[in-house]
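Please keep the sequence and the structure open while reading.

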Amino acid sequence: MGGKCPSRKVKKRRFSHKTARRSKFLLKGDDEVYNEILKQAAAAAAAKPLPLDEDLPGMGQFYCLHCDRYFASEDVRDEHFRSKRHKKRMKQMSGPAPHTQLDAELAAGMGMPDNGPKLMSF
C-alpha cells in the first residue's frame, strides 16, 4: 500500500556536484584581484611567463587575471575573452576600487576607537 516516501529522493539530492566543483579552485575576492591588476599595471615591462603547475588546467599557462581562472588551452581562453561574463568583469574591475575587509570592519564599528582630541594631559 502506498509505496516509497517521496521525500527520500530529495534527501539524496541534498549535496550538489556543482558545489564541490566550485570549491575545487578557490577564487580570489574582488579586492584581491583589483590589487593584482594594479600591481601588473605598475610592472608591465617585466612580463614573465607563468610557472608550470601540474594541478591547474593547462599546466597553469592560460590564465585570465580579471576573472582569476585558468583554462585548458589558448583557444578556450580566447573564447572566454569574448564572453559576456569576462566583459562584465573587465568593466567591474576598471571602475572604482571594490570594498575591502577594512571598509567592512570600519562600517561595523570595529575600527580604531575615535575618542576625540585630548583635552588635558597629565
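The model is predicted. Its protein chain has six helices and two strands. Of the 122 residues in the protein chain, 13% are buried.

**Overall fold**

- Read from the N terminus, the elements follow the order α-α-α-β-β-α-α-α.
- Among contacts in the protein chain with a separation of 6 or more, 43% join residues 24 or more positions apart.

**Helices H3 and H5**

- Two packed helices are described by the angle between their axes and the distance between the axes.
- Helix H3 spans residues 30-42 and helix H5 spans residues 84-94; their axes come within 10 Å and cross at roughly 75°.
- Angles of 65 to 115 degrees count as roughly perpendicular, and H3 and H5 are therefore roughly perpendicular to each other.
- On the H3 side, the contact is made by Asp-30, Val-33, Tyr-34 and Ile-37.
- On the H5 side, Arg-89, Gln-92 and Met-93 take part.
- By residue type, the contact of H3 with H5 comprises four nonpolar residues, one polar and two charged.

**The two sides of H5**

- His-86, Arg-89 and Met-93 are the buried residues of H5.
- These residues lie on the same side of H5 because they cover an arc of only 65° around the axis.
- The partners against which the buried residues of H5 pack are H3, strand E1 (62-64) and helix H4 (74-81).
- Turned away from the buried side is a face of H5 with the exposed residues Lys-84, Lys-87, Lys-88, Lys-91 and Ser-94.
- Arg-89 and Met-93 are among the buried residues of H5, and both also belong to the contact with H3.

**Aromatic rings**

- A pair of aromatic rings is described by the distance of the centres and the angle of the planes.
- One aromatic pair is found in a search of the whole structure.
- The pair consists of Tyr-63 and Tyr-70, with ring centres 4.6 Å apart.
- The ring planes of Tyr-63 and Tyr-70 stand at 40°, so the pair is tilted.
- Tyr-63 has a relative accessible area of 15% and is therefore buried, since buried means under 20%.
- Tyr-70, with 31% relative accessibility, counts as partly exposed.

Note on methods
Residues are numbered from 1 along each chain as its sequence is written. This is a predicted model: local features need pLDDT of at least 70, side-chain atom pairs count only at pLDDT 80 or more; totals for chains, interfaces and linings use all residues. Side-chain values use heavy atoms; hydrogens and water are left out. Axes are lines fitted to C-alpha atoms, for helices over the stretch in contact, and angles run from 0 to 180 degrees between N-to-C directions. Helices (H or I, at least four residues) and strands (E, at least two) are DSSP runs, numbered from the N terminus. Angles under 35 degrees count as roughly parallel, over 145 as roughly antiparallel, 65 to 115 as roughly perpendicular and the rest as oblique. Contact means heavy atoms within 4.5 Å. Ala, Val, Leu, Ile, Met, Phe, Trp, Tyr, Cys and Pro count as nonpolar, Asp, Glu, Lys and Arg as charged, and the others, Gly among them, as polar. Buried means under 20% relative accessible area, exposed over 50%, partly exposed in between (1.4 Å probe, protein chains only). The arc is that of the directions from the helix axis to the C-beta atoms. Rings of Phe, Tyr and Trp (its six-membered ring) pair if their centres lie within 6.5 Å; planes under 30 degrees apart count as stacked, over 60 as edge-to-face and the rest as tilted.
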